[in-house]
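This report walks through a structure chain by chain. Look at the model first, then read on.

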Amino acid sequence: MIDSLAGLLHGLSIAILPINLLYCFIGALVGTLIGVLPGIGPVATVAMLLPATFYLEPTSALIMLAGIYYGAQYGGSTTAILVNLPGENSSVVTCLDGYQMARQGRAGAALAVAALGSLFAGIVATFFIALFAPPLAAVALAFGPADYFSLMVLGLVAAIVLAQGSLVKALAMIILGLLLASVGTDVESGARRMTFGIPDLADGINFVPLAMGLFAIAEIISNLEKPEQRVTISGRIENLWPTLDDFRRAWKAVLRGTGIGLFLGLLPGGGAMLSSFVAYSAEKRLSKQPQRFGRGAVEGVAAPESANNAGAQTSFIPLLTLGIPANAVIALMAGAMMIHGVQPGPQVMAKNPDLFWGVIASMLIGNIMLVVINLPLIRVWVALLKIPYHLFYPAIIVFCCIGVYTLNNSTFDVTLLILFGFVGYLFMKWGFEPAPLLLAFVLGPLMEENLRRAMQLSGGNPMTFVTSPISAVLLAAAVALLILIMLPSFQKTRETAFVEDR
Amino acid sequence: MLKQIRNPNDVIGGLFLIAVALLALWLCAPLRQGTTLEMGPGYAPRLLCIIQLCFGLIMLVQGVMSEGPPLERWVPRPIIFVLASVAFFAATLERLGLVVAVVGVVLISAMANRETRALQIAAMAAILAAFSVGVFVKGLSLSMPVWPSFGSL
């Protein structure tokens, strides 16, 4: 407790360095921007900005990337409320009541509730991380190779429980990600694996063109297939202050939404999107007047917006303490840490305390900045919303190309971008989710290393995964989850959790 | 279970997985397998290929045995022009420089939709080229040629 506070204070002393304040601000600003603009999400943006962060201190880089992720949650609500389009997936449910409020001339109140709810959730989530990350990291330090391997198996399985779509497809994506990760030089024997004899593949497939291709390029192609949506902004924003009645109704929803987000963010595969869905349906179920939902209930804005911000932040906990990325954005940050020579995991707190506490404390500052960026400047964002998609997608392509090229000054990597862009498009058409692939790709090398070490330690006996108590519990949990997903009743709730209320 | 299966999509997806797994198995053929105790470079990839083959077959069978929505239609225009613009960047950057590459990307990718006007394309190309040179080459001092290098042509 005291340690956490001391750590947080130390972190604050780092986060308020002018350079870190600057990158925190840039992150929050870019996050809001992409949150507002439908058609570009945090995964693509973080992938695009990764190369630019190589020239920064790792702490500044992660502060900025984190700001993009939780900043996007703020921006997403603006589009949802004003235009009835989710700027981000995590704002899908905010459209329901937010847009109705806007049509009733209460857009300002809805925006303010969303921003203040997010601020509250963000602050609580920061303290939550500071309190719970250190003990979790301490537990993880006791893990042996077999335990680590099983933990990663559990992480990957849990990630797909919460994903949409078919189970077999999600599992296949995990295996494909692991397989792609094994391309390149084998660390132990030095043998080249599946490189087609191409020297550029000796270091393996770079995860930046992979992520950009699957997410950014594929997304652009599929967005361009559909006729462009014309943006019509509903209602004028006159009064930014919610009424007393709004406050009275919203505060409990904010509390509940924050609580839901805190815990769902921790789960692999969780994070912002799932949190907002669950918070909305919980609020609707608990309400004494559920019929108000969908007609401009302020709780229907407050709960999901608090939840998605809390969830976005707590999804950093598994990364910083266990080294396991919870979703695709966090997987990219894991990659960013590795490029800077910081191995994500329980040792980060001890070895890189500046980075660990600096990033956590920057979330406090970032959330305050975001309220300032979002509320008074709301008219600027509204003006940006009027930029049609066909005027900004070429810029995304240009930045992707430059970003991928400058990683290694390699045109080969740009060629990979074409390949993965096309594959990502195919995946969309066939109903494959690319997120599990990316998670598995990041974890792949670690899994193989731990598998080998576990086998060497146990003398080649695979029973070690079951006889080590920690590993056995983790594997049992993974199996239990898989069985749970296959139960017909769970299948139904899983489907409705995502489809309901759309 | 049956309800969420999309028939032709699953068949093609399954075939795709099987094809990738077979290709990877073939590529792994020269790699030493090793034993469980001392795993060679080929151990993990082969294991993964076999698991993926199984998943591919399951999907194939599911796809054949169940009903599902039809395949989604492909729209060739954005696929061709978006990917071609990236290819243009890869082909030209090192010889013709950043300005030509960026202008090319904008011109080609703008053809992926029918809405952009000529004047807008020209403005985007000019702004993005200037921005890229200013931020990436001058600002972040990344090493990229800006103009064509006629010496090597």
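How are helix 9 of chain A and helix 20 of chain A oriented to each other, roughly parallel or roughly antiparallel?

## A helix pair in chain A

They are roughly antiparallel. The axes of helix 9 of chain A and helix 20 of chain A cross at roughly 175 degrees and come within 10 Å. Axes are lines fitted to C-alpha atoms, for helices over the stretch in contact, and angles run from 0 to 180 degrees between N-to-C directions.

Helix 9 of chain A brings A:Phe207, A:Leu210, A:Ala211, A:Leu214 and A:Phe215 to the pair. They meet A:Pro434, A:Leu438, A:Phe441 and A:Val442 in helix 20 of chain A. By class, that contact has nine nonpolar, no polar and no charged residues. Nonpolar covers Ala, Val, Leu, Ile, Met, Phe, Trp, Tyr, Cys and Pro; charged covers Asp, Glu, Lys and Arg; the others, Gly among them, are polar. Two residues are in contact if their C-beta atoms, placed from the backbone, lie within 7 Å.

## Model and numbering

The model is predicted: local features need pLDDT of at least 70, side-chain atom pairs count only at pLDDT 80 or more, and totals for chains, interfaces and linings use all residues. Residues are numbered from 1 along each chain as its sequence is written, while chains are lettered from A and ligands numbered from 1 in the order in which they are written.

## Chain A overall

Chain A has 23 helices and two strands. Both are DSSP runs numbered from the N terminus: helices are H or I with at least four residues, strands are E with at least two. The C-alpha atoms of chain A fill a box of roughly 70 × 50 × 45 Å along the principal axes.

Of the 502 residues in chain A, 63% count as buried. Buried means 20 or more other C-beta atoms within 10 Å of a residue's own, exposed means 12 or fewer, and partly exposed lies in between; C-beta atoms are placed from the backbone. Among contacts in chain A between residues at least 6 apart in sequence, 80% join residues at least 24 apart.

## Residues to inspect in chain A

A:Phe143 sits in the loop between helix 6 (107-141) and helix 7 (145-161) of chain A. A:Phe143 has 21 other C-beta atoms within 10 Å, so it is buried. Beyond its neighbours within four places in sequence, A:Phe143 contacts A:Tyr148, A:Leu151 and A:Ile470. A:Phe143 and A:Leu322 are 179 residues apart in sequence, yet 9.8 Å apart C-alpha to C-alpha.

A:Phe247 belongs to helix 10 (residues 244-266) of chain A. A:Phe247 has 16 C-beta neighbours inside 10 Å and so counts as partly exposed.

A:Asn84 has a positive phi of about 65 degrees, and A:Phe196 has a positive phi near 55 degrees. A:Asn84 is in the loop between helix 4 (58-83) and helix 5 (94-103) of chain A. A:Phe196 is in the loop between strand 2 (192-193) and helix 9 of chain A. Which is buried and which is exposed? A:Asn84 counts as buried, with 20 C-beta neighbours inside 10 Å. A:Phe196 has 9 and counts as exposed.

## Chain B

Chain B has four helices and zero strands. Its radius of gyration is 24 Å, whereas a compact globule of 153 residues would have one near 15 Å. Of its residues, 35% count as buried.

Chain B is divided into domain 1 (2-65) and domain 2 (76-152). These bounds come from an automatic or database domain assignment. The C-alpha centres of the two domains of chain B lie 39 Å apart.

## The interface

Across the interface, 55 residues of chain A are in contact with 56 residues of chain B. Helix 19 of chain A gives the most to the chain A side, with ten residues. That side divides into 34 nonpolar, 13 polar and eight charged residues.

Technical notes
Rg over C-alpha atoms; globule rule 2.2 N^0.38 Å. Parallel < 35°, antiparallel > 145°, perpendicular 65-115°, else oblique.
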